[in-house]
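Colleague: I have a model open on my screen and would like to learn how to read it. Could you take me through its features one at a time?

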Amino acid sequence: KLIYEIRDIWPLSIIELKGYSKNNLIIKLLSKLDEIGIKYSDVIMSPLSNIGLYIKEKGYKKKIIILPNGISSNSEESIIKKNTQDKFFTVGYGGSLSDTNSIMNLINAAIKLKNHNIKFKIIGFGEKENEIKQIIKSKNLKNIDLIGRTTKDKLLILLSQCDVLYKGNPRVNIYKYGISSIKLAEYLFLKKPIIDASYGVNIIEKSNSGIVVEHEDSEKLMEGILTMSRMNDQDLEKMAINGYNYALENFLYDKTVVNMINNLN
(Lines give C-alpha, C1' and ligand atoms only; values in the text may rest on other atoms or scores of the structure.)
Protein backbone atom coordinates (compact mmCIF):
# COMPACT_ATOMS: atom_id res chain seq x y z
CA LYS A 1 0.00 0.00 0.00
CA LEU A 2 1.08 3.55 -0.67
CA ILE A 3 0.80 5.63 2.49
CA TYR A 4 1.02 9.40 2.15
CA GLU A 5 1.80 11.01 5.50
CA ILE A 6 0.95 14.68 6.00
CA ARG A 7 2.72 15.92 9.12
CA ASP A 8 2.37 19.57 8.19
CA ILE A 9 0.34 20.78 5.24
CA TRP A 10 2.93 21.88 2.71
CA PRO A 11 3.16 24.23 1.01
CA LEU A 12 0.10 25.81 2.66
CA SER A 13 1.96 26.08 5.98
CA ILE A 14 4.77 28.22 4.60
CA ILE A 15 2.35 30.28 2.50
CA GLU A 16 0.30 31.22 5.56
CA LEU A 17 3.03 31.32 8.21
CA LYS A 18 5.90 32.78 6.18
CA GLY A 19 4.08 34.81 3.54
CA TYR A 20 5.32 33.00 0.42
CA SER A 21 3.44 33.67 -2.80
CA LYS A 22 1.33 30.92 -4.33
CA ASN A 23 2.99 31.82 -7.63
CA ASN A 24 6.48 31.03 -6.37
CA LEU A 25 7.91 28.24 -8.55
CA ILE A 26 9.00 26.12 -5.57
CA ILE A 27 5.57 26.57 -3.99
CA LYS A 28 3.95 25.41 -7.24
CA LEU A 29 6.23 22.36 -7.31
CA LEU A 30 5.39 21.47 -3.70
CA SER A 31 1.68 21.91 -4.46
CA LYS A 32 1.97 19.50 -7.38
CA LEU A 33 3.80 16.93 -5.24
CA ASP A 34 1.11 17.23 -2.57
CA GLU A 35 -1.57 16.70 -5.19
CA ILE A 36 0.21 13.60 -6.51
CA GLY A 37 0.66 12.21 -2.99
CA ILE A 38 -3.04 12.54 -2.22
CA LYS A 39 -4.24 11.29 -5.62
CA TYR A 40 -2.22 8.08 -5.77
CA SER A 41 -2.18 7.09 -2.10
CA ASP A 42 -4.16 4.20 -0.66
CA VAL A 43 -4.10 5.73 2.82
CA ILE A 44 -3.58 9.24 4.19
CA MET A 45 -1.83 9.27 7.57
CA SER A 46 -1.52 12.38 9.70
CA PRO A 47 -1.25 13.68 13.28
CA LEU A 48 -3.70 16.44 12.27
CA SER A 49 -7.05 15.53 13.78
CA ASN A 50 -9.12 17.23 11.06
CA ILE A 51 -7.00 16.36 8.01
CA GLY A 52 -10.09 14.82 6.43
CA LEU A 53 -11.41 18.33 5.78
CA TYR A 54 -8.26 19.21 3.83
CA ILE A 55 -8.51 16.07 1.72
CA LYS A 56 -12.18 16.79 1.04
CA GLU A 57 -11.40 20.37 0.02
CA LYS A 58 -8.87 18.96 -2.43
CA GLY A 59 -11.69 16.95 -4.01
CA TYR A 60 -10.64 13.49 -2.86
CA LYS A 61 -12.14 10.75 -0.72
CA LYS A 62 -9.44 8.68 0.96
CA LYS A 63 -9.01 6.31 3.88
CA ILE A 64 -7.51 8.35 6.73
CA ILE A 65 -5.59 7.23 9.80
CA ILE A 66 -4.92 9.77 12.54
CA LEU A 67 -1.56 9.02 14.15
CA PRO A 68 -0.90 11.70 16.79
CA ASN A 69 2.59 12.76 17.79
CA GLY A 70 3.29 10.61 20.80
CA ILE A 71 5.49 9.70 23.69
CA SER A 72 7.16 6.50 24.80
CA SER A 73 6.11 4.70 27.95
CA ASN A 74 9.44 5.46 29.67
CA SER A 75 9.37 9.22 29.03
CA GLU A 76 8.89 10.13 32.67
CA GLU A 77 11.94 8.34 34.09
CA SER A 78 14.05 11.50 34.40
CA ILE A 79 11.25 13.79 35.62
CA ILE A 80 11.63 15.48 38.99
CA LYS A 81 9.05 17.47 40.87
CA LYS A 82 8.92 21.16 41.65
CA ASN A 83 10.54 22.36 44.85
CA THR A 84 7.59 23.02 47.15
CA GLN A 85 9.67 25.65 48.98
CA ASP A 86 9.76 27.85 45.87
CA LYS A 87 7.99 31.10 46.74
CA PHE A 88 7.14 31.94 43.13
CA PHE A 89 4.30 30.64 40.97
CA THR A 90 6.12 29.61 37.80
CA VAL A 91 4.79 29.54 34.23
CA GLY A 92 6.92 27.41 31.92
CA TYR A 93 7.37 27.24 28.16
CA GLY A 94 9.64 25.01 26.09
CA GLY A 95 10.02 25.28 22.35
CA SER A 96 10.73 27.60 19.46
CA LEU A 97 10.76 31.32 20.26
CA SER A 98 8.64 32.21 17.24
CA ASP A 99 5.35 33.71 16.17
CA THR A 100 4.04 30.24 15.28
CA ASN A 101 3.97 29.49 19.03
CA SER A 102 2.75 32.98 20.02
CA ILE A 103 5.79 33.50 22.22
CA MET A 104 5.37 37.30 22.26
CA ASN A 105 1.90 36.83 23.69
CA LEU A 106 3.53 35.14 26.68
CA ILE A 107 6.22 37.84 26.94
CA ASN A 108 3.58 40.59 26.91
CA ALA A 109 1.65 38.82 29.67
CA ALA A 110 4.88 38.57 31.67
CA ILE A 111 5.40 42.31 31.29
CA LYS A 112 1.92 42.94 32.69
CA LEU A 113 2.68 40.62 35.62
CA LYS A 114 6.13 41.96 36.47
CA ASN A 115 4.99 43.21 39.88
CA HIS A 116 3.32 39.94 40.87
CA ASN A 117 4.79 36.92 42.60
CA ILE A 118 4.89 35.07 39.27
CA LYS A 119 7.94 33.95 37.29
CA PHE A 120 8.29 32.81 33.69
CA LYS A 121 10.74 30.10 32.72
CA ILE A 122 11.22 30.16 28.95
CA ILE A 123 13.40 27.48 27.35
CA GLY A 124 14.30 27.53 23.68
CA PHE A 125 15.66 29.60 20.82
CA GLY A 126 14.39 31.08 17.58
CA GLU A 127 13.69 34.17 15.54
CA LYS A 128 12.33 36.18 18.50
CA GLU A 129 15.20 35.40 20.87
CA ASN A 130 17.13 38.67 20.43
CA GLU A 131 13.96 40.75 20.60
CA ILE A 132 12.99 39.07 23.86
CA LYS A 133 16.47 39.67 25.31
CA GLN A 134 16.21 43.36 24.42
CA ILE A 135 12.78 43.62 26.05
CA ILE A 136 14.03 41.96 29.24
CA LYS A 137 16.97 44.37 29.35
CA SER A 138 15.10 47.56 28.43
CA LYS A 139 12.26 46.92 30.86
CA ASN A 140 14.54 45.47 33.53
CA LEU A 141 12.34 42.40 33.87
CA LYS A 142 13.30 40.19 36.79
CA ASN A 143 10.41 37.77 36.35
CA ILE A 144 11.62 36.11 33.12
CA ASP A 145 14.29 33.41 33.08
CA LEU A 146 15.30 33.00 29.43
CA ILE A 147 17.09 29.71 28.94
CA GLY A 148 18.50 28.86 25.52
CA ARG A 149 18.92 25.62 23.64
CA THR A 150 19.22 22.56 25.87
CA THR A 151 18.89 18.79 25.71
CA LYS A 152 15.48 17.11 25.70
CA ASP A 153 16.11 15.54 29.11
CA LYS A 154 17.13 18.88 30.63
CA LEU A 155 14.14 20.57 29.00
CA LEU A 156 11.71 18.13 30.61
CA ILE A 157 13.39 18.53 33.99
CA LEU A 158 13.16 22.34 33.79
CA LEU A 159 9.51 22.21 32.75
CA SER A 160 8.69 19.76 35.53
CA GLN A 161 9.81 22.39 38.03
CA CYS A 162 7.08 24.79 36.89
CA ASP A 163 3.53 25.12 38.23
CA VAL A 164 1.76 25.50 34.86
CA LEU A 165 2.88 25.31 31.24
CA TYR A 166 2.01 27.65 28.37
CA LYS A 167 0.78 26.58 24.93
CA GLY A 168 -0.13 29.10 22.26
CA ASN A 169 -0.48 29.76 18.56
CA PRO A 170 -2.01 32.50 16.39
CA ARG A 171 -5.20 32.42 14.34
CA VAL A 172 -4.04 30.90 11.07
CA ASN A 173 -6.32 29.15 8.60
CA ILE A 174 -4.24 25.93 8.46
CA TYR A 175 -4.86 25.24 12.14
CA LYS A 176 -8.49 24.39 11.38
CA TYR A 177 -7.11 21.06 10.12
CA GLY A 178 -5.44 20.33 13.46
CA ILE A 179 -2.02 20.86 15.04
CA SER A 180 0.83 18.34 15.06
CA SER A 181 2.35 19.42 18.37
CA ILE A 182 4.67 17.05 20.23
CA LYS A 183 4.96 19.80 22.84
CA LEU A 184 1.39 19.32 24.03
CA ALA A 185 1.80 15.56 24.50
CA GLU A 186 4.96 16.13 26.52
CA TYR A 187 3.31 18.85 28.62
CA LEU A 188 0.45 16.56 29.57
CA PHE A 189 2.76 13.65 30.32
CA LEU A 190 4.68 15.87 32.75
CA LYS A 191 1.57 16.03 34.94
CA LYS A 192 1.31 19.79 34.66
CA PRO A 193 -1.83 21.90 34.17
CA ILE A 194 -1.84 23.93 30.94
CA ILE A 195 -2.64 27.57 30.25
CA ASP A 196 -3.79 27.29 26.64
CA ALA A 197 -3.91 30.34 24.35
CA SER A 198 -4.17 28.43 21.08
CA TYR A 199 -6.38 28.72 18.02
CA GLY A 200 -7.89 25.55 16.62
CA VAL A 201 -6.97 23.26 19.55
CA ASN A 202 -9.51 21.81 21.99
CA ILE A 203 -7.50 19.11 23.76
CA ILE A 204 -7.05 21.07 26.99
CA GLU A 205 -10.75 21.83 27.20
CA LYS A 206 -11.66 18.29 26.16
CA SER A 207 -9.41 16.70 28.77
CA ASN A 208 -10.14 19.31 31.47
CA SER A 209 -6.41 19.68 32.00
CA GLY A 210 -6.07 23.44 32.35
CA ILE A 211 -7.53 26.82 31.46
CA VAL A 212 -8.27 27.98 27.91
CA VAL A 213 -8.00 31.70 27.10
CA GLU A 214 -8.39 33.74 23.93
CA HIS A 215 -5.45 33.35 21.55
CA GLU A 216 -3.15 36.34 20.91
CA ASP A 217 -4.67 38.35 23.76
CA SER A 218 -2.06 39.04 26.44
CA GLU A 219 -4.64 40.65 28.72
CA LYS A 220 -6.75 37.47 28.75
CA LEU A 221 -3.62 35.38 29.14
CA MET A 222 -2.55 37.48 32.11
CA GLU A 223 -5.98 37.02 33.71
CA GLY A 224 -5.81 33.26 33.12
CA ILE A 225 -2.38 33.02 34.71
CA LEU A 226 -3.56 35.03 37.72
CA THR A 227 -6.58 32.74 38.06
CA MET A 228 -4.38 29.64 38.07
CA SER A 229 -1.91 31.20 40.51
CA ARG A 230 -4.77 31.69 42.99
CA MET A 231 -6.13 28.15 42.66
CA ASN A 232 -5.50 25.68 45.45
CA ASP A 233 -3.02 22.84 44.94
CA GLN A 234 -5.75 20.21 44.84
CA ASP A 235 -7.51 21.82 41.85
CA LEU A 236 -4.26 22.25 39.96
CA GLU A 237 -3.32 18.65 40.73
CA LYS A 238 -6.67 17.43 39.45
CA MET A 239 -6.11 19.23 36.13
CA ALA A 240 -2.61 17.76 35.92
CA ILE A 241 -3.84 14.20 36.51
CA ASN A 242 -6.62 14.66 33.94
CA GLY A 243 -4.06 15.68 31.34
CA TYR A 244 -1.70 12.86 32.25
CA ASN A 245 -4.47 10.26 31.95
CA TYR A 246 -5.51 11.74 28.60
CA ALA A 247 -1.91 11.46 27.37
CA LEU A 248 -1.68 7.83 28.51
CA GLU A 249 -4.86 7.00 26.66
CA ASN A 250 -4.19 8.92 23.44
CA PHE A 251 -0.48 9.60 22.96
CA LEU A 252 1.45 6.50 24.02
CA TYR A 253 3.21 4.92 21.03
CA ASP A 254 2.36 1.49 22.46
CA LYS A 255 -1.29 2.24 21.75
CA THR A 256 -1.17 4.53 18.72
CA VAL A 257 1.03 2.18 16.66
CA VAL A 258 -1.28 -0.77 17.36
CA ASN A 259 -4.22 1.38 16.28
CA MET A 260 -2.37 2.36 13.10
CA ILE A 261 -1.61 -1.28 12.20
CA ASN A 262 -5.16 -2.39 12.90
CA ASN A 263 -6.51 0.33 10.62
CA LEU A 264 -4.12 -0.60 7.80
CA ASN A 265 -5.38 -4.18 7.70
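This is a predicted model: local features need pLDDT of at least 70, side-chain atom pairs count only at pLDDT 80 or more; totals for chains, interfaces and linings use all residues.

Colleague: Let's begin with the open sheet of three strands: what is its order?

Modeller: Strands of a sheet pair through backbone hydrogen bonds, either parallel or antiparallel. Strands here are DSSP runs (E, at least two residues), as helices are (H or I, at least four), numbered from the N terminus; two strands pair if DSSP finds at least two bridges between them. In this open sheet the order is β1-β2-β3, and the pairing is parallel. β1 (3-5) and β3 (63-66) are at the edges with a single partner strand each, so one side of each has no neighbour in the sheet. Neighbouring strands are turned by 25° against each other on average, direction ignored; angles run from 0 to 180 degrees between N-to-C directions, with axes fitted as lines to C-alpha atoms, for helices over the stretch in contact.

Colleague: How many bridges join β1 to β2?

Modeller: Three bridges join β1 to β2 (residues 43-46), and Tyr4 stands opposite Ile44 in β2. Helix α11 (residues 253-264) packs on this sheet and touches β1, β2 and β3, its direction making about 170° with that of β3. Contact means heavy atoms within 4.5 Å.

Colleague: Which strands stand at the edges of the open sheet of six strands?

Modeller: Its order is β6-β5-β4-β7-β8-β9, again with parallel pairing. The edges are β6 (144-147) and β9 (210-212), each with a single partner strand, so one side of each is left without a neighbour in the sheet. On average, neighbouring strands are turned by 20° against each other, direction ignored. β5 (residues 118-123) pairs with β6 over four bridges, and Lys121 stands opposite Asp145 in β6. Helix α4 packs on this sheet, touching β4 (89-94), β5, β6, β7 (164-168) and β8 (194-197).

Colleague: At roughly what angle do the axes of α4 and α5 cross?

Modeller: The axes of α4 (residues 103-112) and α5 (residues 129-138) cross at roughly 5° and come within 11 Å. That makes α4 roughly parallel to α5; angles under 35 degrees count as roughly parallel, over 145 as roughly antiparallel, 65 to 115 as roughly perpendicular and the rest as oblique. Ile103, Met104, Ile107 and Ile111 of α4 meet Glu131, Ile132 and Ile135 of α5.

Colleague: And the backbone: which residues does a cis peptide bond join?

Modeller: Most residues other than glycine have a negative phi, and most peptide bonds are trans. Here a cis bond joins Trp10 and Pro11, with omega about 5°, and Pro11 is in the loop between β1 and α1. Ser102 has a positive phi, near 50°, and is in the loop between β4 and α4.

Colleague: Finally, which residues lie nearest the centre of the largest pocket?

Modeller: Of the 35 lining residues, Ser96, Thr100, Asn101, Ser180 and Lys183 lie nearest its centre. On a 1 Å grid over the protein atoms alone, a pocket is an open set of points where a 1.4 Å probe fits, with protein on both sides within 12 Å along at least five of seven lines; lining residues have an atom within 4 Å of a point. α1 (12-18), α6 (152-160) and α7 (182-189) each supply at least two residues of the lining.

Technical notes: Residues are numbered from 1 along each chain as its sequence is written. Side-chain values use heavy atoms; hydrogens and water are left out.
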